[in-house]
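Hello,

Here is the structure I promised to pass on. Please open it first, then read my notes below.

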Amino acid sequence: GYQPILAHPERYLYYANDREKYLELKDRGILFQMNMLSPLGYYSKPVADAAQYLVQQNLIDLVGSDTHHIRHMNILPDAIQNKLYRKVCEAELLNNYL
């Protein structure tokens with residue numbers, strides 16, 4: 001009865017370089033949770049590009065902060081203003097009540 005969730009798939013660049021892998025994982029029933037900071041380019045431009053692809057393909061099911069230290073907390077307001085983040089939050093996320 002468990003459903004696997006892949007945290008921040010946009011940050012696994014070996015999937016981003018072969019985007020069909022994302023579709024294979026979704027076909028297996030795996031949920032995708034995007035990191036809020038990824039669309040900002042916080043991790044890198046390739047990660048931001050992968051996040052954009054996943055959002056445009058409606059592959060994101062959940063959004064999380066992945067906050068590990070105060071620098072992440074300080075950037076969260078920027079993430080909330082990001083148009084890609086707002087677009088994904090307009091979708092029917094499984095955790096739409098953040």
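Lys 26 lies over the face of Phe 32, at 4.9 Å from the ring centre. Keep in mind that this is a predicted model. Is it buried or exposed? Phe 32 is buried, with a relative accessible area of 0%.

Now the aromatic rings. How many aromatic pairs does the structure hold? There are 7. A pair of aromatic rings is described by the distance of the centres and the angle of the planes. Take Tyr 22 and Phe 32: their pair is edge-to-face, with 6.0 Å centre to centre and 65° between the planes. Why does this pair tie parts of the structure together? Tyr 22 belongs to helix α2 (residues 20-27) and Phe 32 to strand β2, so the pair joins parts that are 10 residues apart in sequence. Tyr 22 is buried too, with a relative accessible area of 0%.

Tyr 22 also pairs with Tyr 15. That pair is tilted: the centres are 6.1 Å apart and the planes make an angle of 50°. Both Tyr 15 and Tyr 22 are buried. Ring pairs go on to link a cluster: Tyr 12, Tyr 14, Tyr 15, Tyr 22, Phe 32 and Tyr 53.

Strand β2 covers residues 31-35 and pairs with β1 in the parallel sense over 3 bridges. Leu 6 stands opposite Phe 32. Ala 7 has Gln 33 as its bridge partner in β2. β2 and β3 also pair in the parallel sense over 3 bridges. There, Asn 35 stands opposite Gly 64. Why is β2 described as largely enclosed by the rest of the structure? Because 4 of its 5 residues are buried.

Helix α3 comes next. It runs over residues 45-56, which makes 12 residues. From first C-alpha to last it reaches 16 Å, close to the 16 Å expected at 1.5 Å a residue. Its buried residues are Val 47, Ala 48, Ala 50, Ala 51, Tyr 53, Leu 54 and Val 55. What do they pack against? The partners are α1 (13-16), α2, β2 and α5 (83-90). Tyr 53 is also part of the ring cluster above.

Last, look at Val 88 in helix α5. Val 88 is buried, with a relative accessible area of 3%. Which residues is Val 88 in contact with, leaving aside its neighbours within four places in sequence? They are Met 34, Val 55, Ile 60, Val 63 and Leu 93. Val 55 is one of the buried residues of α3. As for Ile 60, it is 28 residues from Val 88 in sequence, but the two are 7.3 Å apart in space, C-alpha to C-alpha.

Best wishes

Terms used
Residues numbered from 1 in each chain as written. Predicted model: local features only at pLDDT ≥ 70, side-chain atom pairs only at ≥ 80, totals over all residues. Heavy atoms only, no water. Pairing = 2+ DSSP bridges. Helix = DSSP H or I, 4+ residues; strand = E, 2+ residues; numbered from the N terminus. Phe/Tyr/Trp six-rings, centres within 6.5 Å; stacked < 30°, edge-to-face > 60°. Buried < 20%, exposed > 50% of the residue type's maximum accessible area, 1.4 Å probe, protein only. Lys NZ or Arg CZ within 6 Å of the ring centre and 35° of its normal. Expected span 1.5 Å × (residues − 1). Contact = heavy atoms within 4.5 Å.
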